[in-house]
Each structure stands twice: as C-alpha cells, then as structure tokens.
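Subject: Structure handover and what was found in it

Dear colleague,

I am passing on the structure that we talked about, and below it you will find my notes. Please keep the structure open while you read, so that you can look up each residue as it comes up.

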Amino acid sequence: LDIVYEDENILLADKKPGVLCHSAGEWSWDTLISNIQAYLRQNGQWDPKAENAFTPALCNRIDRNTGGIVIAAKNAEALRILNDKIRDREIAKYYLCIALGRVEPPKGRIECFLRKDEKSNTVRVYHRPVLEGRSAVTLYQTLRTRGELSLLEVELLTGRTHQIRASMADLGHPLLGDGKYGIGSVNRKYGETQQALYSYRLRFDFPTDAGILEYLRGREFQVDEVPFQKKYFS
C-alpha cells in the first residue's frame, strides 16, 4: 500500500494504475480493498472474527487503469459520513491528465449527458437530455503544453463513469494511452497502454456538519508523484 494519509477513521491510498479497487469476480488478494483489509488486520486495527465486526470499505472507486487517491473507511460511522459527503459533492476531487493537442479554450467547463452501454462498458456523450443519460459537469485548465501533448488539471463536479475520458474525447482531445476513447496510432507511438489520468489531489470541503470527521474540514491531500507527469513534463 502507498498510504497518503491515515488516522483512526479513514485511510487514503494512492492506487496504482492496473490495480482493481474491488474484485471483478472471485475474491482476490490483488485488489486495493483486500490489501487495505489485510493491512488493518495485520496491525490490529480490524478483527474480522469479532462479533458484528465492521468490514473496512472503499468510499469511492477509480478505473483499473487510472491511478490516484481512494478513500477507505475504517468504521461504519466514517463510511456513512463519507458516502453522504461524496453524494452531496462536499469532497473536491482533482485529476491530472494528458490530452492530445492544444485545448482551446485553455480553461473551461464541459457540460454534457453520458449514457452507459453496459455491453461495451463505454459511455456515449450527448449534448441534450436523453433517456437514461446522466448529466456530467467537468472543469479543466491547461497547466502545460509540450508538442502535441497538454497537461491538464480537471475537477469533477459530478462523478460519472468514464466522465473525463469520454468528455475530453468528445471535445476532440482524447487522453494519451486511452484504449477506449483515444487514438490507437498515437498511443502506440508513445508506447502507452493505460490512460494518462490520475486522481492526484482531494480536499474535504465540508459546508455542513461532518460529525466524527469534522477535523478533516478544509484539509487537502495530494500524492507524491504522478508518473506520466514526470515522464512528459518534468
């Protein structure tokens, strides 16, 4: 585990690209949550054999090939509060990504509707309300541009499946390495097989009472390093 922050109620883990948050089928040790549970069991913070024992759980998820901060709750009260805060958008989540081309305007807001295709596990972007479509709002700003690559910081105002990847592709600037929404020839050119997308920073913006997590109000956490940022923009 790469632990960004930990206290008696929560754990923030930096999930590496390629790691699953949860098992897709049978239970596996090769997932983020199983490693967190093993870590807490080994250091005595969690006893799965205890009567009515709470099972440590993740409060948010990140795609397998996306890296970044995932929040785990160590007790039921923390899980309830964090789920409420995420639902009410009281936790600000920021991503770094590399988009193809020079994004114009360099700073903007993307509003659209996303409809998921369960069979292909992709989403389609619409610019008007559609049946089973969910509204998606994304803020972005260009931090640096080098050649045909642009480093962006993106803030999610909604949390939809593949929101950043699909929205940027629809804008004409797919993410480097994205196998679903990107450009295969460019990905092969750079040798990238995973989307350049990382949930690198979060801030606990609590405008309402946070109970036992009140001490987190206003606190911000960030990963030490984003591999693709170092590789292309160091």
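What follows is a walk through the cores, the salt bridges, one histidine and a set of paired strands.

Please bear in mind from the start that this is a predicted model, and that every value below was computed from it.

In soluble globular proteins, nonpolar side chains tend to be buried together. The largest nonpolar core here has 36 residues, and those that touch the most other members are Ile 10, Leu 82, Ile 98, Phe 204 and Phe 228. Several elements each supply at least two residues of this core, among them strand E2 (10-15), helix H2 (76-87), strand E5 (91-100), strand E10 (197-204) and helix H5 (227-233). The largest share, 6 residues, comes from E5. If you select Ile 98 and leave aside its neighbours within four places in sequence, you will find contacts that include Leu 149, Leu 151, Leu 175, Phe 228 and Tyr 232. Another core, of 13 residues, lies apart from the largest one, and its members include Ala 99, Ile 110, Tyr 140 and Leu 152.

**The salt bridges**

Side chains of opposite charge can pair when their charged atoms come close.

Lys 16 is partly exposed, with a relative accessible area of 35%, whereas Asp 14 counts as buried because its relative accessibility is 5%, and the cut-off for buried is under 20%.

Another joins Arg 87 and Asp 84 at 3.2 Å, N to O. These residues are 3 places apart in helix H2, so about one helical turn separates them. Arg 87 counts as exposed at 56% relative accessibility, while Asp 84 counts as partly exposed at 23%. Both residues also belong to a network of salt bridges that links Glu 77, Arg 80, Asp 84, Arg 87 and Asp 88.

The remaining example is the salt bridge between Glu 220 and Arg 203, again with a distance of 3.2 Å, N to O. Because Glu 220 lies in strand E11 (residues 220-222) and Arg 203 in strand E10, the pair ties together parts that are 17 residues apart in sequence. Glu 220 is partly exposed at 38% relative accessibility, and Arg 203 is partly exposed at 21%.

**A buried histidine**

His 162 lies in the loop between E9 and helix H3 (163-170), and this residue is buried, with a relative accessible area of 6%. Not counting residues up to four places away in sequence, His 162 touches Asp 63, Asn 121, Thr 122, Val 123, Ser 167, Lys 180 and Tyr 181.

**The paired strands**

E6 and strand E7 (residues 122-126) pair in the antiparallel sense over 5 bridges, and Arg 115 has Arg 124 as its bridge partner in E7. Strand E6 (residues 107-117) also runs antiparallel to strand E8 (residues 134-146), to which 8 bridges join it, and in E8 the bridge partner of Lys 107 is Gln 141.

With best wishes

Note on methods
Residues numbered from 1 in each chain as written. Predicted model: local features only at pLDDT ≥ 70, side-chain atom pairs only at ≥ 80, totals over all residues. Heavy atoms only, no water. Core = buried A, V, L, I, M, F, W, Y, C linked by side-chain atoms within 4.5 Å. Buried < 20%, exposed > 50% of the residue type's maximum accessible area, 1.4 Å probe, protein only. Helix = DSSP H or I, 4+ residues; strand = E, 2+ residues; numbered from the N terminus. Contact = heavy atoms within 4.5 Å. Salt bridge = Lys/Arg side-chain N within 4 Å of Asp/Glu carboxyl O. Pairing = 2+ DSSP bridges.
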